[in-house]
Amino acid sequence: MIEIEKATTEKSTTEEPIDIKPKKPSKIQTLRGFQDLLPDFQDYYTMIKKAVRHRGRQSGFKRITTPIMEETAVFSRSLGESSDVVSKEMFTMTSRSGKLMTLKPEATAGIVRAYIEHGMHTLPQPVQLYSIEPQFRYDRPQKGRFRQFHQVDFEVLGMKDPSIDAQMIHMAYKILEDLQISDRVDIQINSLGSAENREEYMEALRDFFFDKKQHLSEDSQARLEINPLRILDSKDEDDQILVSMAPKLKDFLSPESKAFYETVKDYLRELNIPFYENEGLVRGLDYYCDTVFEIWDKSQGAQNAIGGGGRYDGLAELLGGVPTPGVGFAMGVERIVGHMKDSGIKPASKDNVQFFVAQLGEEGKKKALKITTNLRDLGFHALGGMGKSSMKAQLKMADKSGARWAIILGEIEVRENKAILRDMKLGKQEIIPLENIEQTVIERLGEKPDIYTLGD
Ligand code: HAM
């Protein structure tokens, strides 16, 4: 657990003479692992959100937003004390009353807490929820790994059926297909069996590694004590050799879990979703049982996975609720954007400027203000050179804005009740009357208005 540093008051303790020259304040930058989401990123993010909402709506999901911060127990009980997230990566702080609070490192635990808190088990089941939220993990920042990142997350609670697991994987794949990057990923799946199956298997692993402990990596030696399942996840070559000789998880699955897993795979084939079975896939969070899956980058494997998920039938009880089956997945927005950029996908952006209204003189400015706002009301994107810049400077601004047309209101034009309409692409211009100018320029543009209605 990472304790966030307590704020300290800056106070000088020395008696040195005070320097009366005012110092230039130092530049403040984002914290390590945190980043501004600039307009270029937002175009990709909007496209991802659209795909997520669209796919979610098609399958009856409703959106939920849980608080950014929860009581620490929500995460420590859910993800497991031994998980990397809980043991090393949580942003935890103490409230004034001494309560431990944590910035959410993932979405599932908070959503299950909300399901219990709002008595959602009394609603028709299953309850299907999705969220698009920032998450926080005190990870070592590197490419595709941040301390604040964003997840799109889908959860289905209150019903257990292999067809739901298959639909979750199908949904993740379809979203990536919509975003044109499904050909860059591999879906890896496995079954962890029930909690009891897993417990028996962990015991068998402890026995197996008992006299081989000294040959394991330092990390895996620690994992042997807390959660031997995580040794299967180790990237260390020597660990991997030992793992290849260790008992296999599939030999510990109950007939029910085996049948469940077989049916999930059967449904995936039926839905034409390509997948790889991966016996070593155990996931890094403790709440999983039966189906687990990850969406890997084809070229990097487990490193920087795009998404992951699985079934977590025991989680609601761990958080004080009634037994409630659950299954879901999350995908990292930053990693999806990375893939979209690498494959040259340009998201559609509606941020283009259609008209730039340039003006001179008080009368020109008033007219320009009116024309600019009228064009906006009619559903067009219009900017105005509203400062006191010269006409030359305003036309430069028009050019930089990417406007298709400039409407020029010089002092002479305004006196004569006219304006110059300049085609910024072709460099041609014409004189048009100020009367009904909006209609004239809209006709020249020949595009549909971008109208926003609350019913949409
Ligand atoms: P997770 O595998 O820990 O699963 O995270 C899901 C995805 O979030 C990862 O595959 C990755 O794309 C992204 N991600 C995780 N950490 C970072 C980071 N530091 N920087 C950038 N992206 C990151 C979960 O969180 C589960 N709650 C998924 C789930 C939902 N299971 C059931 N329902």
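Apart from neighbours within four places in sequence, Leu395 has contacts with Ala406, Ile408 and Met424. The structure is a predicted model. The domain assignment divides the protein into domain 1 (39-194 + 254-342) and domain 2 (355-445). Taken over C-alpha atoms, the centres of domain 1 and domain 2 are 50 Å apart.

- Helix α13 (residues 391-401) contains Leu395.
- Leu395 has a relative accessible area of 22% and is therefore partly exposed, since the buried class requires a value under 20%.
- A separation of 7.1 Å is found between the C-alpha atoms of Leu395 and Ala358, which stand 37 residues apart along the chain.

**Aromatic pairs**

- The model holds 13 aromatic pairs.
- Phe34 is buried because its relative accessibility is 19%, and Phe136 is buried because its relative accessibility is 7%.
- Tyr201 and Phe252 make up another tilted aromatic pair, with 5.2 Å from centre to centre and 55° between the planes.
- Because Tyr201 is part of helix α6 (residues 195-209) and Phe252 is part of the loop between α8 (237-245) and α9 (255-270), this pair ties together parts that are 51 residues apart in sequence.
- The relative accessibility of Tyr201 is 1%, so Tyr201 counts as buried; that of Phe252 is 22%, so Phe252 counts as partly exposed.

**Aromatic cluster and charges over rings**

- One aromatic cluster is formed by Phe61, Tyr130, Phe154, Phe293 and Phe329.
- Over the face of Phe208 lies Lys212, at 4.0 Å from the ring centre.
- Lys265 is placed over the face of Tyr261, with 4.2 Å to the ring centre.

**Strand β6 and its partners**

- Of the 10 residues in β6, nine are buried, and the strand is thus mostly covered.
- β6 pairs with strand β2 (residues 62-63) in the parallel sense, over two bridges.
- Within β6, Leu129 is the bridge partner of Lys62.
- β6 also runs antiparallel to strand β7 (residues 148-157), to which 10 bridges join it.
- In β7, the residue opposite Leu129 is Glu155.

**Helix α5**

- Helix α5 (residues 162-178) has 17 residues, which at 1.5 Å a residue should span 24 Å; the end C-alpha atoms are 24 Å apart, in agreement with that value.
- The buried residues of α5 include Ile164, Asp165, Met168, Ile169, Ala172, Tyr173 and Leu176.
- An α-helix has 3.6 residues a turn, so residues three or four places apart point the same way.
- Gln180, which follows α5, has a positive phi, near 65°.

Technical notes:
Residues numbered from 1 in each chain as written. Predicted model: local features only at pLDDT ≥ 70, side-chain atom pairs only at ≥ 80, totals over all residues. Heavy atoms only, no water. Phe/Tyr/Trp six-rings, centres within 6.5 Å; stacked < 30°, edge-to-face > 60°. Buried < 20%, exposed > 50% of the residue type's maximum accessible area, 1.4 Å probe, protein only. Helix = DSSP H or I, 4+ residues; strand = E, 2+ residues; numbered from the N terminus. Lys NZ or Arg CZ within 6 Å of the ring centre and 35° of its normal. Pairing = 2+ DSSP bridges. Domains from an automatic or database assignment. Expected span 1.5 Å × (residues − 1). Contact = heavy atoms within 4.5 Å.
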